[in-house]
Amino acid sequence: MKIDLTDTTSSKINKALVQGRRAIGTPAVGMVLTLVIVTDEENAYDALKAANEASREHPSRKLVVIKRVSRSPRDRAKPRLDAEVRVGADAGTGETVVLRLYGEVINHAQSVVLPLLLPDAPVVVWWPVNAPTDPANDPLGSLAQRRVTDTYASEQPVHELTARAETYTPGDTDLAWTRITPWRSMIAAALDQVDCKVTSVEVEGEEFNPSCELLAMWLADRLHVPVKRSPSSGPGLTAVRMQTDNGPIGLDRADGSLATLSIQGQPDRAVALKRRETAELIAEELRRLDPDDTYASALRFGVDRLADGDPSAADAKSGADAKSAPEASPAKKAAPAKKAATK
């Protein structure tokens with residue numbers, strides 16, 4: 001069921017939601033969170049489609065905020081709010097409200113969204129594109145317990161990681177980080193199978209893919225070894241190769257779906273490591289609403305500290321007295337990466 005409202009208010013939208021639920025015979029609200037999607041008209045369809053698919057696992061009220069820029073100065077000064085209320089089969093699992101903001105109301109989107117939030121339920125804000133530099137201090141981001149961005153959609157993805165590190169606030173996360181969850185799990189599982197000391201790592205992937213940098217920073221942060229970042233033709237991440245005192249360990253994925261795990265002294269194994277759709281990434285992020293400390297630590301390691309074969313880049317993480325510390329056992333050197341695999 002769809003209800004179109006032109007030049008409306010938040011109060012009228014709430015009444016339309018109640019009217020829609022009664023019309024389809026489901027007056028009870030069984031949703032667990034509010035998902036606010038801040039996007040533009042071009043990307044709204046794909047973002048809402050992904051959110052609807054994710055709502056099968058996380059029933060939610062989805063508020064799609066689209067800021068429309070009027071052409072004439074007179075129209076830009078005139079505030080207007082149009083809304084499209086969807087309930088039932090048209091809204092996935094839960095409810096959907098598409099909000100189109102015009103004129104001065106664009107600068108006060110939080111005033112429109114606040115009355116529409118589910119009471120006593122978590123709020124997640126997702127920017128599929130054009131995320132603010134400081135999500136936590138954004139007027140809409142300040143309403144949320146969890147703020148999801150995607151540096152892959154920015155013009156300079158790798159530089160964007162540095163900006164994210166400078167403004168990081170607990171509750172921030174990035175779909176570029178979510179994309180590497182299977183890689184982190186597989187790498188930790190590989191290290192669990194051997195008692196070894198990792199001495200160096202190479203991460204290979206597309207040149208302008210921030211997931212590659214995040215995986216490299218995670219490995220450098222957890223293992224305290226030099227991690228080299230090497231470009232490839234993709235798609236996405238293509239390989240992680242670790243040198244250890246017991247021989248090399250490699251995880252190669254050339255086609256974007258099936259990877260080969262190689263461990264010295266063991267037969268090669270084929271493992272499923274497909275590239276996931278946006279709906280799967282959003283569903284994963286909605287499973288946890290607490291701060292992701294592992295992401296924060298990897299992000300703050302810094303892109304500029306990734307080693308091009310320079311061991312000093314890894315040593316800097318340990319502090320000035322790292323060289324004087326006693327040498328850890330091979331098992332202890334590998335342990336941090338194993339523990340950090342699960343978000």
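## Helix H1 and its surroundings

Strand S1 (2–5), strand S3 (60–67), strand S4 (80–87), strand S5 (94–102) and helix H4 (109–113) are among the elements that cover the buried residues of helix H1. This description, like everything that follows, refers to a predicted model. Helix H1 itself runs over residues 10–23, and its 14 residues reach 20 Å from the first C-alpha to the last, which is close to the 20 Å expected at 1.5 Å a residue.

The residues of H1 that are buried are Ser-10, Ile-13, Ala-16, Leu-17, Gly-20 and Arg-21. Because these residues cover an arc of only 135 degrees around the axis, they lie on the same side of H1. On the other side of the helix, Lys-15, Arg-22 and Ala-23 are exposed. Just after H1, the backbone at Gly-25 takes a positive phi of about 80 degrees.

Thr-8 is found in the loop between S1 and H1. With a relative accessible area of 8%, Thr-8 falls under the 20% limit and is therefore buried. Leaving out residues up to four places away in sequence, Thr-8 touches Ile-13, Leu-81 and Ala-83; of these, Ile-13 is one of the buried residues of H1, and strand S4 (80–87), one of the elements covering the buried residues of that helix, spans the positions of Leu-81 and Ala-83.

## The chain as a whole

Across the chain, the secondary structure comes to 12 helices and 14 strands, and buried residues make up 51% of the 343 residues. Among contacts in the chain with a separation of 6 or more, 71% are accounted for by residues 24 or more positions apart.

In soluble globular proteins, nonpolar side chains tend to be buried together. In this model, the largest nonpolar core has 44 residues, of which Val-201, Leu-215 and Leu-219 touch the most other members. Helix H8 (residues 210–223) gives the largest share of this core, with 9 residues. Once neighbours within four places in sequence are left aside, Leu-215 is in contact with Ile-180, Trp-183, Arg-184, Ile-187, Val-203, Leu-237 and Val-240.

The structure holds 2 cavities of 30 Å³ or more, and about 60 Å³ of space lies in the largest cavity. Its lining is made up of Pro-135, Arg-147, Thr-149, Arg-164, Tyr-168, Asp-172, Thr-173, Tyr-295 and Leu-299. Strand S7 (146–149), strand S8 (172–174) and helix H10 (293–301) each supply at least two residues of that lining.

The largest pocket holds about 670 Å³ of space. Its lining has 30 residues, and those that lie nearest the centre of the pocket are Arg-179, Arg-276, Glu-277, Thr-278 and Leu-281. The elements that give two or more residues to the lining of this pocket are helix H2 (41–54), helix H7 (181–192) and helix H9 (278–286), with the largest share, 6 residues, coming from H2.

Technical notes. Residues are numbered from 1 along each chain as its sequence is written. This is a predicted model: local features need pLDDT of at least 70, side-chain atom pairs count only at pLDDT 80 or more; totals for chains, interfaces and linings use all residues. Side-chain values use heavy atoms; hydrogens and water are left out. Helices (H or I, at least four residues) and strands (E, at least two) are DSSP runs, numbered from the N terminus. The expected span of a helix is 1.5 Å times one less than its number of residues. Buried means under 20% relative accessible area, exposed over 50%, partly exposed in between (1.4 Å probe, protein chains only). The arc is that of the directions from the helix axis to the C-beta atoms. Contact means heavy atoms within 4.5 Å. A nonpolar core is a set of buried Ala, Val, Leu, Ile, Met, Phe, Trp, Tyr and Cys residues joined through side-chain atoms within 4.5 Å. On a 1 Å grid over the protein atoms alone, a cavity is a set of points where a 1.4 Å probe fits but cannot get out, and a pocket is an open set with protein on both sides within 12 Å along at least five of seven lines; lining residues have an atom within 4 Å of a point. Grid points are joined across faces, edges and corners, and a volume is the space filled by probe spheres set on the points.
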